[in-house]
Amino acid sequence: MNFTADHIKALILDMDGVIWRADKPIGDLPATFASLQAKGYGVALATNNSTRTVEQYLQVLASLEVHLEPWQIVTSAEAVGDYLKARFPAGGPVYVVGETGLVEAVRRRGFYVDPNTALAVVAGMDRSFTYQRLAAANRLIRAGSAFIGTNGDRTFPTPEGLVPGSGSILAAIQSASGVEPIILGKPGAYMYELALQRLGLEPAEALVVGDRLETDIVGAQELGCHSALVLSGVTGLEAARRWKPAPDWIGQDLATLVELLPQR
């Protein structure tokens with residue numbers, strides 16, 4: 001490792017490619033999380049995937065025998081919801097291009113979906129995206145609605161290969177409206193700052209673990225967190241070795257990393 005792990009107090013873990021692939025666990029997750037707890041490390045999960053609610057993520061984790069609290073789950077949808085609440089404290093109408101996770105995140109914070117008038121257009125991964133939704137988002141943004149995106153990931157890994165992701169949808173709306181979105185997901189700092197706030201830590205006290213260099217690792221490095229790249233997701237070893245600045249640690253998977261961490 002290119003850092004001293006003694007002052008690391010918690011890990012911030014990506015999900016896809018780190019914990020699971022298509023909801024299939026990577027390694028013995030109950031043993032890995034039990035080891036983290038036994039060694040005295042805190043844990044938060046941070047994902048750009050906005051399609052699921054926090055409750056749905058907790059259910060998937062529980063089915064894999066990993067039991068966490070709602071505050072430990074940070075999604076790009078949750079980040080959008082927090083940002084909206086800070087910008088528009090009274091709540092109000094928004095237009096959502098997205099799935100259940102994004103819709104519920106804004107609803108829980110006092111916003112409701114209105115296709116005719118909106119304080120903001122919020123957009124993310126939407127596997128039911130249509131020309132009609134593109135046209136509605138374009139019309140509202142051109143009329144003055146804020147344009148807020150979950151994340152800029154242009155592709156999304158599936159068992160069949162890479163498919164268009166949230167970034168592709170944001171790019172279509174930006175092309176139509178001429179307005180660039182405010183993006184709350186990684187590699188931006190907002191999600192990591194939210195996780196650090198919940199953990200009660202400073203950036204230098206956290207180790208971010210991810211499988212994407214351009215999101216997980218860049219975001220960690222820019223904020224001042226330590227970074228670990230696992231090769232269990234979308235990034236191969238050669239690409240990892242070429243990346244500058246290099247992650248603090250590169251290894252096969254989360255279990256390998258946890259084995260190397262010292263007792264706190």
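Trainee: What is the strand order of the open sheet of 5 strands, and how do the strands pair?

Mentor: Strands of a sheet pair through backbone hydrogen bonds, either parallel or antiparallel. In this predicted model, the order is β7-β6-β8-β9-β12, with parallel pairing. Strands are DSSP runs of E, at least two residues, and helices are runs of H or I, at least four, numbered from the N terminus. Two strands pair if DSSP finds at least two bridges between them.

Trainee: Which are the edge strands?

Mentor: They are β7 (111–113) and β12 (182–183), and each pairs on one side only.

Trainee: How many bridges join β6 and β8?

Mentor: Strand β6 (residues 92–97) pairs with strand β8 (residues 120–123) over 4 bridges, in the parallel sense.

Trainee: Which strands does helix α4 touch?

Mentor: Helix α4 (residues 100–107) packs on the sheet and touches β6, β7 and β8. Contact means heavy atoms within 4.5 Å. The direction of α4 makes about 170° with that of β6. Axes are lines fitted to C-alpha atoms, for helices over the stretch in contact, and angles run from 0 to 180 degrees between N-to-C directions.

Trainee: And which strands does helix α3 lie across?

Mentor: Helix α3 (residues 76–87) lies across β6, β7, β8, β9 (146–149) and β12. It runs at about 155° to β9.

Trainee: At what angle do α3 and α4 pack?

Mentor: Two packed helices are described by the angle between their axes and the distance between the axes. For α3 and α4, the angle is about 25° and the axes are 8 Å apart. That makes α3 roughly parallel to α4. Angles under 35 degrees count as roughly parallel, over 145 as roughly antiparallel, 65 to 115 as roughly perpendicular and the rest as oblique.

Trainee: Which residues make that contact?

Mentor: From α3 come Ala77, Glu78, Val80, Gly81 and Leu84; from α4, Gly101, Leu102, Ala105 and Val106.

Trainee: How do α5 and α6 cross?

Mentor: The axes of helix α5 (residues 131–142) and helix α6 (residues 166–177) come within 9 Å and cross at roughly 50°. So α5 is oblique to α6.

Trainee: Which residues of α5 and α6 meet?

Mentor: Leu134, Ala137, Asn138, Ile141 and Arg142 in α5 meet Ala172, Ile173, Ala176 and Ser177 in α6.

Trainee: What should I know about the numbering and cut-offs?

Mentor: Residues are numbered from 1 along each chain as its sequence is written. Local features need pLDDT of at least 70, side-chain atom pairs count only at pLDDT 80 or more, totals for chains, interfaces and linings use all residues, and side-chain values use heavy atoms, leaving out hydrogens and water.
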